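Please look through the sequence and the structure below before reading on.

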Amino acid sequence: MAPCLSIFFLFIVTFCVTLTAAAAAGHYSLQTFFPRPAYQSLIKHAKTPKPKLPFKTRYFPQTLDHFSFHPKSSKIFYQKYLINTQYWHKGAPIFVYTGNEGDIEWFAANTGFMLDIAPKFRALLLFIEHRFYGESMPFGKDSYQSAKTLGYLNSQQALADFAVLIRSLKQNLSSEASPVVVFGGSYGGMLAAWFRLKYPHIAIGALASSAPILQFDKIIPWSSFYDAVSLDFKDVSQNCYEVIKGSWAELVAISNQKQALAELSKAFRTCKSLHSTASVLEWLWTAFVYTAMLNYPTEANFLKPLPAYPVQQMCKIIDKSPSGATKLTRAFAAASLYYNYSQTENCFEVEHEVDPHGLHGWHWQTCTEMVMPMTCSNESMFPPSGFDYKKFAEQCRMKYGVLPRPHWITTEFGGERIEKVLKRFGSNIIFSNGMQDPWSRGGVLRNISATIIALVTEKGAHHIDFRAATKDDPDWLIQQRRQEVENIQRWLDEYYVDLRHA
């Protein structure tokens with residue numbers, strides 16, 4: 001979740017929130033849905049330059065369907081992966097990033113932690129692209145054509161892809177004794193934890209950062225995510241929180257006017273005339289959610305270029321606005337920081353922003369197995385909203401011709417008793433979470449056993465520990481990464497001792 005990011009990005013996430021004709025009557029008709037990529041209204045996958053990375057690109061002949069024996073199941077597609085053997089020697093560890101919902105280069109460029117620690121462990125680095133994302137398209141340009149092709153896009157097939165590729169690579173390297181540690185952030189973190197549970201004979205440990213594996217069914221309150229986003233802003237400034245909370249009513253009031261779209265197009269400096277007031281709500285909503293997720297202590301460019309502690313910077317913009325400014329104007333000024341911190345935009349593509357990271361497959365995943373209900377409580381700075389499963393399921397049926405399976409993830413990987421499952425069947429998993437990240441509320445926040453541990457930082461944001469180290473990193477982040485390295489070292493030490501005595 002993409003990074004929602006990714007679920008997330010996480011996964012990487014945004015939410016389909018609609019202003020209907022009822023807004024003209026002076027009230028909201030809102031529905032909060034499941035995590036989706038940051039670019040819900042995207043019209044195309046942008047052709048952006050690939051980052052220069054210290055990896056070689058390879059393609060693996062992957063099986064379409066690992067779980068049936070129909071003639072079509074053995075179809076081959078080419079799965080992309082990135083590999084770095086600079087520090088590796090035969091028998092040394094292999095560190096694998098379990099790719100999530102987007103181009104694999106994007107995740108490699110934002111997971112500098114693995115490059116930072118590779119020399120210490122003499123590790124081979126492997127970033128595997130998730131099927132149906134990036135260039136790993138089983139049916140080429142027709143991969144998103146219908147449910148008949150998209151039906152092969154799910155987490156279980158992805159985990160099996162990783163397992164098959166890793167085993168083949170070790171055989172080709174003549175290094176089958178090399179221990180494997182899997183890493184993942186957001187949805188990729190969920191995959192890393194699940195991979196350790198499902199394939200313990202392949203991976204000796206997993207580092208799952210910002211992995212909301214408890215976000216399903218009714219394991220946690222459905223309002224947790226948006227309550228956490230709101231708390232991030234409220235902790236900085238009560239006035240900031242109140243301004244954002246009050247801006248939605250002003251948006252509805254403007255939508256009642258005859259020239260609403262023209263007025264909003266001008267006020268929000270849109271590149272093209274708006275067709276819907278709902279797109280303005282979504283534009284604002286997205287900015288506040290992602291800024292909370294990415295409230296890093298240093299400048300970063302993950303989803304967008306942002307300053308250090310961007311929530312504080314947004315609230316500073318709101319709090320220092322002229323006294324006569326409306327709440328909606330202040331909210332727009334704050335949201336502009338998310339979309340234009342680099343000061344390169346003369347206007348905003350409110351309805352037609354492009355997709356630079358190839359995230360659109362997440363729509364299918366949320367309509368099938370990744371069902372994470374969310375609501376907005378009265379404590380939220382967003383308008384109160386509920387969750388209507390029947391309406392959601394009908395929208396999925398209309399879009400894809402399929403119905404969601406809301407209980408499948410908890411059936412496959414563990415539900416309300418997941419902690420007992422982990423304690424009984426799992427070991428060597430680190431769950432790292434930062435409490436600034438709203439996805440942390442769906443993560444594991446306490447130690448489950450001596451070998452399944454939670455590293456929680458009060459000021460951490462969405463898988464910040466995976467970012468490359470900088471000279472400006474705060475002490476708490478340095479210490480968090482140090483603990484992660486120490487645990488990985490312990491796993492490897494135990495593995496090599498066992499190997500010698502085998």
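In this predicted model, the protein carries 50 positive and 43 negative side chains, and the centres of these two sets lie 4 Å apart. The chain is arranged into 16 helices and 10 strands.

**Overall form**
- A compact globule of 502 residues would have a radius of gyration near 23 Å, and the 22 Å of the protein agrees with this.
- Along the principal axes, the C-alpha atoms fill a box of roughly 75 × 55 × 45 Å.
- Buried residues account for 60% of the 502 residues, while the accessible surface comes to about 20300 Å², with 53% of that area belonging to carbon and sulfur atoms.

**Aromatic pairs**
- The protein has 39 aromatic pairs, and in one of them the rings of W222 and F387 have centres 5.3 Å apart and planes at 90 degrees, so the pair is edge-to-face.
- Because W222 lies in the loop between β6 and α6, and F387 in the loop between α12 and α13, the pair ties together parts that are 165 residues apart in sequence.
- W222 is partly exposed, at 25% relative accessible area, whereas F387, at 17%, counts as buried.
- W248 and F288 also form an edge-to-face pair, with 6.5 Å from centre to centre and 80 degrees between the planes.
- Since W248 belongs to helix α7 and F288 to helix α9, this pair ties together parts 40 residues apart in sequence, and both residues are buried.

**Cluster and charges over rings**
- One aromatic cluster includes F55, W106 and F121, and K120 lies over the face of F121, at 5.7 Å from the ring centre.
- K234 lies over the face of Y241, at 4.8 Å from the ring centre.

Methods:
Residues are numbered from 1 along each chain as its sequence is written. This is a predicted model: local features need pLDDT of at least 70, side-chain atom pairs count only at pLDDT 80 or more; totals for chains, interfaces and linings use all residues. Side-chain values use heavy atoms; hydrogens and water are left out. Helices (H or I, at least four residues) and strands (E, at least two) are DSSP runs, numbered from the N terminus. The radius of gyration is taken over C-alpha atoms; the globule rule is 2.2 Å times the number of residues to the power 0.38. Buried means under 20% relative accessible area, exposed over 50%, partly exposed in between (1.4 Å probe, protein chains only). Accessible areas come from the Shrake-Rupley method with a 1.4 Å probe; for residues, only the protein chains shown count as cover. Lys and Arg count as positive and Asp and Glu as negative; His and the chain ends are not counted. The place of a charge is taken as NZ of Lys, CZ of Arg, CG of Asp or CD of Glu. Rings of Phe, Tyr and Trp (its six-membered ring) pair if their centres lie within 6.5 Å; planes under 30 degrees apart count as stacked, over 60 as edge-to-face and the rest as tilted. A charge sits over a ring if NZ of Lys or CZ of Arg is within 6 Å of the ring centre and within 35 degrees of the ring normal.
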